[in-house]
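Hi,

Here is the structure we talked about, ready for you to open. Have a look at it first, then read on for what turned up.

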Amino acid sequence: MLTVFFDLWSDKKRSKISSVKTFSSSCVFVRLQVVLKIIKHYQEEGQGSEVVQGVLLGLVVEDRLEITNCFPFPQHTEDDVDFDEVQYQMEMMRSLRHVNIDHLHVGWYQSTYYGSFVSRALLDSQFSYQHAIEESVVLIYDPIKTAQGSLCLKAYRLTPKLMEICKEKDFSPEGLKKACIGYEHMFEEVPIVIKNSHLINVLLLDLQEKSTVADKHELLNLSSSNHLEKSLQLLMDRMDDMSQDIGKYNTYCRNLSKQQQQKQQYLQRRQQENAQRQSRGEPPLPEEDISKMFKPPQAPARMDTLLIAGQINNYCQNIKEFTSQNLGKLFMAEALQGHSS
Amino acid sequence: MSRFFATGSDSESEESSSADEITPKKRIVCCPLRFRFEELTNIIKTIRNAMKIRDMSKCLEEFEQLYRAFLKSKTIVDKEGVPQFYIRLLADLEDYLNQLWEDKEGKKKMNKNNAKALSTLRQKIRKYNKDFETEISSYKEVLNCSPNESESEGDEESEDWGSDSVDSGGESEDNEGEAASLAVVFLKKYVFFNLEHKKMEQVDEEADEEGEGEEGGWEKVKGGVPLVKEKPKMFAKGTEINNAVVIKKLNEILQARGKKGTDRSAQIELLHALAGISNENNLGEGILVKIKFNIIASLYDYNTNLAAFMKAEMWKKCLECIDELLDILFENSNMFIGENIAEDSENLAISDQPFRVRGCILTLVERMDEEFTKIMQNTDPHSQEYVDNLKDEGRVCGIIDRLLQYLESKGSTEEVCRVYLRRIMHTYYKFDYKAHRRSLGLQGETKSEQDQEESEGEDSAIIMDRLCKFIYAKDRTDRIRTCAILCHIYHHALHSRWYQARDLMLMSHLQDNIQHADPPVQILYNRTMVQLGICAFRRGMIKDAHNALLDIQSSGRAKELLGQGLLMRNMQERNAEQEKIEKRRQVPFHMHINLELLECVYLVSAMLLEIPYMAAHEFDARRRMISKQFHHQLRVGERQPLLGPPESMREHVVAASKAMKMGDWKTCHSFIINEKMNSKVWDLFPEAQRVREMLVRKIQEESLRTYLFTYSSVYDSISMETLSEMFELELPTVHSIISKMIINEELMASLDQPTQTVVMHRTEPTSLQNMTLQLAEKLGGLVENNERVFDLKQGVYGGYFNRGTRTRPRNLIKDHFQIKINCIINVVFS
């Protein structure tokens with residue numbers, strides 16, 4: 001029974017991947033080696049909420065991006081300040097070139113903790129990547145989900161709209177409004193295809209045959225509260241941030257409207273006075289710089305709110321996915337129990 | 001050059017010292033004439049100096065000043081005539097200028113400024129001298145008559161301007177001396193003083209007839225000059241020593257008081273000798289008391305610096321003196337002393353009338369008490385010296401007691417209040433072991449001890465009560481009453497009379513206005529609060545204890561607030577001056593409240609309150625901390641990478657808290673009460689055993705509560721008997737605790753009487769459900785916030801939701817959310 005379930009799942013996965021293949025003209029091909037390297041990197045250096053990062057190497061073929069290799073950024077502590085990351089990267093790429101490996105910089109990867117990766121730092125660095133190399137992507141690797149049995153690796157790119165906003169650095173409410181950007185349109189997910197040589201495929205199939213059931217049953221773990229609790233906790237933290245941001249925006253709006261009102265009143269009074277003066281035959285009052293008298297309050301940057309919203313969306317997706325899977329498992333377990341009894 | 005400087009400075013210092021000795025006397029006379037003339041002579045001195053070095057511009061400047069000063073003293077001059085020295089200067093200056101003017105070569109050598117000043121000065125003085133023509137001419141005549149007498153001229157004049165004589169004499173000598181070598185000057189000075197010494201002896205012989213002022217002046221010189229060391233004779237042989245003479249002498253000595261050159265220890269000795277003389281001659285107690293007063297006062301004067309404390313010998317002498325003084329006062333009931341008695345109405349002689357002496361014994365004793373505090377503050381509290389000093393406390397108390405007796409019969413209520421307060425201050429912080437033992441029903445071990453106990457009079461509680469009540473009724477200054485109340489509360493609290501202490505604290509309303517009091521009173525207030533808290537703890541009132549200690553402990557500056565030490569702070573926050581003031585406020589070591597005990601009491605009471613609270617509100621989003629300090633300690637404990645067995649008191653409490661969190665009362669108990677903690681903390685209480693018993697009981701009860709909070713979700717039902725066994729509590733106690741929890745809706749359960757079990761209702765949500773509920777709440781808030789933004793955009797009246805009834809759509813949205821969330825919860829836990 002269990003194997004059947006596993007097969008079902010793997011079939012589903014396979015079909016998903018195959019559908020992806022036909023869907024997009026610009027997709028990312030990733031070598032298995034890269035995936036394994038990223039996983040290894042995290043397992044060696046990442047812990048808990050700590051994040052590991054690295055550089056992706058590859059090349060652009062026609063309209064698809066092929067990621068053929070990667071190397072990690074070294075972990076460096078605060079002590080060695082004089083460590084030059086750029087220098088290190090250049091050195092690394094040069095060395096790789098010597099051994100005839102693709103040395104084109106095509107993006108970077110990062111691990112994530114319960115799906116929290118939408119942050120200002122990510123936005124900024126991805127922007128600078130994409131600004132320099134248009135095709136570059138960021139691969140997000142979720143080790144926790146992977147540990148639960150399903151590999152979770154996603155490629156993201158900033159949408160052209162967001163690129164433009166970032167270029168102009170206009171994060172005021174008006175600017176974002178004009179750009180018509182919502183949290184849904186900030187990142188576009190690029191489908192990933194894990195490509196291997198036939199030899200490796202054959203080996204994998206062989207391994208699948210040989211693997212025992214025990215290796216796979218992490219998938220069927222019924223306990224869910226721990227994971228859910230963590231996710232909820234994170235979600236709640238973001239919600240608090242969001243609330244705060246909204247509050248800030250709210251006060252800003254109120255201040256703005258109050259000032260507008262004052263400005264209106266002032267103008268009206270001025271007009272009345274001028275009219276009176278005119279009727280008396282006096283010259284009108286001199287013009288004053290109104291914008292100086294009523295300085296608009298500093299508008300809060302809205303980009304953070306947007307990012308928080310994106311992050312919340314992300315968490316929600318994760319939780320939804322997780323709960324629906326769990327629900328399935330629970331039903332199955334119930335059925336199993338009924339069957340055996 | 002250097003020699004020049006040396007002589008210059010030497011003469012200057014000599015001048016200044018002589019000036020010093022004379023000027024204060026003038027002040028005592030307080031005559032404007034002297035004052036003005038002194039000013040004039042000073043200016044003249046500088047002019048003469050300037051003349052010597054041919055500094056014309058300086059001369060001009062000073063001359064103008066002199067002119068002004070002279071105008072100021074116009075009224076006096078009108079009365080007294082133009083002073084001789086002034087005329088002399090004018091004449092000399094004119095001569096000098098003329099001489100310079102003639103000296104063409106010298107004039108050429110002068111620089112421009114000086115030459116200019118010379119011409120202006122010359123014109124000025126010519127014009128000015130016309131007003132004094134007659135005087136100057138007469139002066140010149142005198143000068144011409146006795147040209148050789150220029151040296152002694154000052155002495156001549158001294159008849160006219162007595163005090164000035166020394167000045168001008170010394171000055172003229174110096175003028176010459178300047179030309180001579182240093183050695184000559186020194187010799188001269190030596191001669192000068194020898195001369196004076198001889199003079200003094202002469203004067204001594206005719207002491208009785210001589211005026212007090214002059215002799216006093218000579219005496220001072222003697223004090224300042226190390227050459228004369230012999231014991232001064234008070235009176236010449238054969239003089240009949242009577243009251244008037246002694247008083248005169250006393251006044252002489254006193255006039256030197258507070259002056260720069262006075263040797264203070266010599267003065268004290270003089271006074272002692274005087275006291276001896278008056279005693280020998282049986283001049284009566286009046287004079288003796290007067291002298292004693294002055295001896296004590298000069299003992300206090302010995303240290304000019306307020307921060308410095310008395311030397312041990314001085315202190316001993318002071319105590320003796322006060323004791324003797326009190327002896328005299330007790331022996332002579334017909335003696336009146338007081339500050340309000342004027343000097344002239346004093347009656348010191350033996351007569352039918354009662355003695356009247358000016359002076360305030362209370363002030364002296366208060367000062368003595370302060371000195372005692374100062375000595376204690378400045379002694380290293382861990383030395384044998386401190387113990388020795390502390391032994392004097394008995395004497396201090398004895399003196400205060402005697403004074404109290406004396407004033408009770410003689411003094412005004414105000415004075416009585418003050419002395420009562422002193423008495424209270426020496427009583428309130430001492431634990432009355434005798435009364436304690438008596439209350440416990442223990443008798444002294446031997447018969448003699450028992451007798452002693454009985455003979456020693458009333459309990460400190462009764463004394464405190466009597467004294468404080470008198471002050472409450474009679475005192476008119478707020479400060480004394482406040483202090484008395486605080487001490488009274490402290491004393492109650494120290495003896496575990498919690499209810500009296502608390503009631504007194506509440507009745508006095510001190511908490512409302514203590515911030516207006518001065519720092520020492522505030523320190524006393526803090527001490528009282530702390531003692532109150534500790535008392536509450538001993539009586540098992542944990543909550544009260546926590547509340548009382550919260551303010552002091554949460555600031556983290558308990559040490560400073562109790563006046564038991566200064567915190568290390570950088571100098572920006574506190575300059576040296578402030579530091580000195582703060583140092584003076586410190587409470588002596590023997591009155592300290594043990595800070596570790598204080599902290600331990602606080603932390604333990606915080607633990608007993610906080611741990612069950614934490615267990616009960618584990619999932620509450622808006623959980624408040626009862627004690628920040630305690631949480632801080634917990635966090636510090638958690639941060640430790642390696643947890644060894646606890647060492648310090650804090651670590652013990654933290655470890656105990658952890659055990660309690662698990663409901664493990666035995667471990668908790670062993671952490672709180674063990675040998676280490678006993679020696680550190682619990683043995684410091686007078687009733688240590690009772691406190692420990694109370695503590696064990698509290699730990700058992702609170703652990704039971706914590707256990708029920710933490711593990712109720714695991715049980716369907718639990719037998720009370722099991723619980724009572726687990727926590728070693730009696731069944732009724734367990735029953736009452738659980739009932740209380742159920743009534744307070746802290747525990748969702750019911751009691752099943754027949755089987756003696758607690759049946760859990762299992763209505764508490766699990767942690768995930770709790771979290772989801774929190775999330776729902778937050779979402780609600782978020783939606784509301786969002787709507788507000790929306791409202792603002794649309795204007796208050798044009799809002800989207802305003803078209804219908806205002807509240808419905810909003811509620812709809814909320815409901816929608818709620819439903820969705822509930823769905824999630826249901827789905828996850830179906």
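**Where the two chains meet**

Asp240(A) pairs with Lys778(B) in a salt bridge, with 3.0 Å between the closest N and O atoms; the term stands for a side-chain nitrogen of Lys or Arg within 4 Å of a carboxyl oxygen of Asp or Glu. Before the rest, a word on the source: this is a predicted model, local features need pLDDT of at least 70, side-chain atom pairs count only at pLDDT 80 or more, and totals for chains, interfaces and linings use all residues. Residues are numbered from 1 along each chain as its sequence is written, chains are lettered from A and ligands numbered from 1 in the order in which they are written, and side-chain values use heavy atoms, with hydrogens and water left out.

H38(B) gives the most, with 15 residues. Helices (H or I, at least four residues) and strands (E, at least two) are DSSP runs, numbered from the N terminus.

How many residues are in contact on each side? Contact means heavy atoms within 4.5 Å, and by that rule 18 residues of chain B are in contact with 19 residues of chain A. About 1,800 Å² is buried between the chains, and carbon and sulfur atoms give 75% of that. Buried area is the accessible area (1.4 Å probe) that two parts lose on being put together, summed over both. In chain B, Met771(B), Leu782(B) and Leu792(B) lose the most area to chain A, together 29% of what that side buries.

**The cores**

The largest nonpolar core has 153 residues, and Phe537(B), Met607(B), Ile672(B) and Trp682(B) touch the most other members. Helix H30 (residues 595-616) of chain B is the top contributor to this core, with 13 residues. A nonpolar core is a set of buried Ala, Val, Leu, Ile, Met, Phe, Trp, Tyr and Cys residues joined through side-chain atoms within 4.5 Å. Buried means under 20% relative accessible area, exposed over 50%, and partly exposed in between (1.4 Å probe, protein chains only).

Leaving out residues up to four places away in sequence, the neighbours that Trp682(B) touches include Phe537(B), Cys600(B), Val604(B) and Ile672(B). Apart from this core lies another, of 35 residues, among them Met51(B), Val77(B), Phe85(B) and Met110(B).

**A few spots in chain A**

Chain A has 11 helices and 8 strands, and 38% of its 341 residues count as buried. Tyr141(A) lies in strand E5 (residues 137-141) and is buried, at 3% relative accessibility. Tyr141(A) and Gln110(A) are 31 residues apart in sequence, yet 6.2 Å apart in space, C-alpha to C-alpha.

Asn100(A) is worth a look too: its phi is near 65 degrees, a positive value in a residue other than glycine. Asn100(A) sits in the loop between helix H3 (85-98) and strand E4 (104-111) and is exposed, with a relative accessible area of 72%.

Over all chains the structure holds 40 salt bridges. One of them joins Asp124(A) and Arg120(A), at 3.9 Å between the closest N and O atoms. Those two are about one helical turn apart, because they are 4 residues apart in helix H4 (residues 120-132) of chain A.

In chain B, Arg395(B) forms a salt bridge with Asp323(B), the closest N and O atoms being 3.9 Å apart. This pair links distant parts of the chain: Arg395(B) is in helix H18 (residues 384-410) and Asp323(B) in helix H16 (residues 312-331), 72 residues apart. Salt bridges that share partners also join Glu366(B), Asp369(B), Glu370(B), Arg418(B) and Arg422(B) into one network.

Cheers
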